[in-house]
Amino acid sequence: MTTSKQIKAGFAAVGLLAAGTGTATAKEIILDHVIGTRHIFHAVSEQFSARLKELSGGEMTVAYHPGGDLGDWASIVERVSQGAVQMTMSWNHSELDPRCDVSVLGYVARDFETGRKVYGPGSAMNEVYDGIMGDLGIALLGTIPTEFTGFVMRKGVDVPTSFPKDAQGFKTRVLGMPMAIERYKATGFAPVPMAFSEVHTALQTGAIDGCAYSPPSEVPLFKDAVSPFVFTRENFERTFWTANKRWFDGLSEEKQGWIRAATDEAVTWAWKNAEAESPKWFDQTREAGIEVIELPLEQMDAYRTQVTAVEYPYIEASIGADVMDQIKATAGN
């Protein structure tokens, strides 16, 4: 049995146990995520909680846990898969299934408009994600947009702008997934897989020179250690709003309808308002003394070519040529 299958089998067994012990009732839903109350997640969560209570006439309520008080995001995803937590807002967890890497495929969306087309409500990508997550015992309720990403560099090091030449030797934190490692090797960096909770200290001590996959909302967290923020726009960051599939499928059709309606309304609101949220994060970044750098067009095109040359074949081998062709067509690539 492969490691991936062993993980899935283990989660399935624990999920049956959790469902049988009644960790939470159908009335009260545990919704947990790791982001604080200034983030769009919080507004979305509050809207969902209020609307679900209204739709159900108070029959279904939400036990809301922001800020990661139930654990880091990866462990929360696993607990949702197991049925110990009903819902979360989180990122891809490719250690559970390598196909999840498709969620950070580079340079698919060009702006918020194409981001919504590719990743938003009713998109083809949601069908792809739902199929992958269903195999892990997770139901996809929607995706919540944040912003495009780039990378930060710690203070005192040169800023790479021509790739791969300028980036040689720079130790850069990446997500713990094979595709992330290949991307940053291709663009010249020395990728270092690392948990997000360790990044700040690693930047302060010089254990790493930079951090990749950073959206603007994250950059001010490192204001004492970094400058600048190189805004490469390489990923359109959004998060998955998920539920334990066994729990959700076990609800009555009426209760499922209440949850779907409440999540759909909250997700639609998020896609309408995320772009308006973006400027404040750039303002906070600059106010913190962090320079925001956007690459000249020629250098940006070269960087994009290096990323896609590595990632597109990698993902196509994982999800199939038909799905990859559909992604490219939707994105206009």
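The dialogue below goes from confidence to core, sheets and backbone geometry.

Mentor: This is a predicted model, in which local features need pLDDT of at least 70 and side-chain atom pairs count only at pLDDT 80 or more, while totals for chains, interfaces and linings use all residues. Residues are numbered from 1 along each chain as its sequence is written, and side-chain values use heavy atoms, with hydrogens and water left out.

Trainee: What is the mean pLDDT of the protein?

Mentor: pLDDT is the predictor's confidence in each residue, from 0 to 100; here the mean is 86, and 89% of the residues reach 70 or more. Over residues 1-26, however, the pLDDT is below 50, and this stretch has 32 contacts in the model beyond near neighbours in sequence, a contact meaning heavy atoms within 4.5 Å.

Trainee: How many helices and strands does the protein have, and what share of its residues is buried?

Mentor: Helices (H or I, at least four residues) and strands (E, at least two) are DSSP runs, numbered from the N terminus, and the protein has 11 helices and 11 strands. Buried residues, at 51% of the 333, are those under 20% relative accessible area, with exposed being over 50% and partly exposed in between (1.4 Å probe, protein chains only).

Trainee: Which residues have the most contacts inside the largest nonpolar core?

Mentor: In soluble globular proteins, nonpolar side chains tend to be buried together. A nonpolar core is a set of buried Ala, Val, Leu, Ile, Met, Phe, Trp, Tyr and Cys residues joined through side-chain atoms within 4.5 Å; the largest has 91 residues, and those with the most contacts inside it are Phe48, Leu52, Met87, Tyr119, Trp241 and Ile259. Helix 9 (residues 253-287) gives the most to this core, with 9 residues. Leaving aside residues up to four places away in sequence, Phe48 touches partners including Leu31, Met87, Trp241 and Ile259.

Trainee: How do strand 1 and strand 2 run where bridges join them?

Mentor: Strands of a sheet pair through backbone hydrogen bonds, either parallel or antiparallel. Two strands count as paired if DSSP finds at least two bridges between them; strand 1 (residues 28-32) and strand 2 (residues 61-65) are joined by 5 bridges and run parallel, with Leu31 having Tyr64 as its bridge partner in strand 2. Together with helix 2 (residues 40-55), these strands make a right-handed β-α-β unit, where right-handed means that, with the strands pointing away from the viewer, the path from the first strand over the helix to the second runs clockwise.

Trainee: In what order do the 6 strands of the open sheet lie?

Mentor: Their order is 7-6-8-5-9-11, and the pairing is mixed. Strand 7 (190-193) and strand 11 (292-293) stand at the edges with a single partner strand each, so one side of each is left without a neighbour in the sheet.
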